[in-house]
Amino acid sequence: MTTTPGAWRSSDNEAVSFRDAAVAWALAAHEALAETASGYGHFVTINELADRVQEMSGIRTAAPTRTWMDAILRKVARRCHNAGEPPLTALCVKQNHKVSDSYKYVLELAHLPIPADMEVHAAYARWQCYAAYGADIPADGGVPPLIPKSGAPLSVTPTRIAPAPKPDPEPRAAVCSSCFTQLPANGVCYYC
């Protein structure tokens, strides 16, 4: 496998194959996302996560983030799915604070249909991550947090807190606790 444009250990500038780098980055990404999940409302952008995994792993690349981060997120999604963990990749968003197309892989792994609103699905998945990783969830259970589409300038910290969403004036439809799809009136999920 070629290492062009290259991956290298930051400690000694020794070349590392992209295959080996991807394994190290995926392990670091899982750890960074699990740390992010420990704070209710926290999330990270793809670029922030890319910087963080290179720092944590000690392996760097000059390749554009868009050329390798999707593969890393897919590895994390597969690991979470196989281990029965909530989908940590829901905590990683694009610069516009929307989930990337790679989030669809979470649904593919679970054999779920692509929902009409991926952002709402991802919000429920983020809530599941916060609950599983010990975040201080509000006493009332909280509302699955949607990430604001605009707001404060982006920072480089991967554990930024999103403003609390305003409650909807209308009651929310019941949602399956396993696959997060809207339940029919009888309350039975036909996807699970």
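## The buried face of α3

In this predicted model, Met69, Ile72, Leu73, Val76, Ala77 and Cys80 are the buried residues of helix α3 (buried means under 20% relative accessible area, with a 1.4 Å probe and protein chains only). Looking down the axis of α3, these residues fall within an arc of 140°, so they line one face of the helix; the arc is taken from the directions from the helix axis to the C-beta atoms. Their cover includes α1, α2 (46-57), β4 (92-93) and α4 (104-109). Helices (H or I, at least four residues) and strands (E, at least two) are DSSP runs, numbered from the N terminus.

## How α1 meets α3

Helix α1 (residues 18-37) packs against helix α3 (residues 69-83) at an angle of about 60°, and their axes lie 9 Å apart. Axes are lines fitted to C-alpha atoms over the stretch in contact, and angles run from 0 to 180 degrees between N-to-C directions.

On the α1 side, the residues that meet α3 include Trp25, His30 and Leu33; on the α3 side, Ile72, Val76 and Arg79 are among them. Contact here means heavy atoms within 4.5 Å.

## A look at histidine 30

Histidine 30 sits in helix α1 and is buried, with a relative accessible area of 7%. Beyond its neighbours within four places in sequence, histidine 30 touches Val76, Arg79, Cys80, Glu85, Leu88 and Tyr133.

## Reading the values

Residues are numbered from 1 along each chain as its sequence is written, and side-chain values use heavy atoms, leaving out hydrogens and water. Local features need pLDDT of at least 70, side-chain atom pairs count only at pLDDT 80 or more, and totals for chains, interfaces and linings use all residues.

Notes
Buried means under 20% relative accessible area, exposed over 50%, partly exposed in between (1.4 Å probe, protein chains only).
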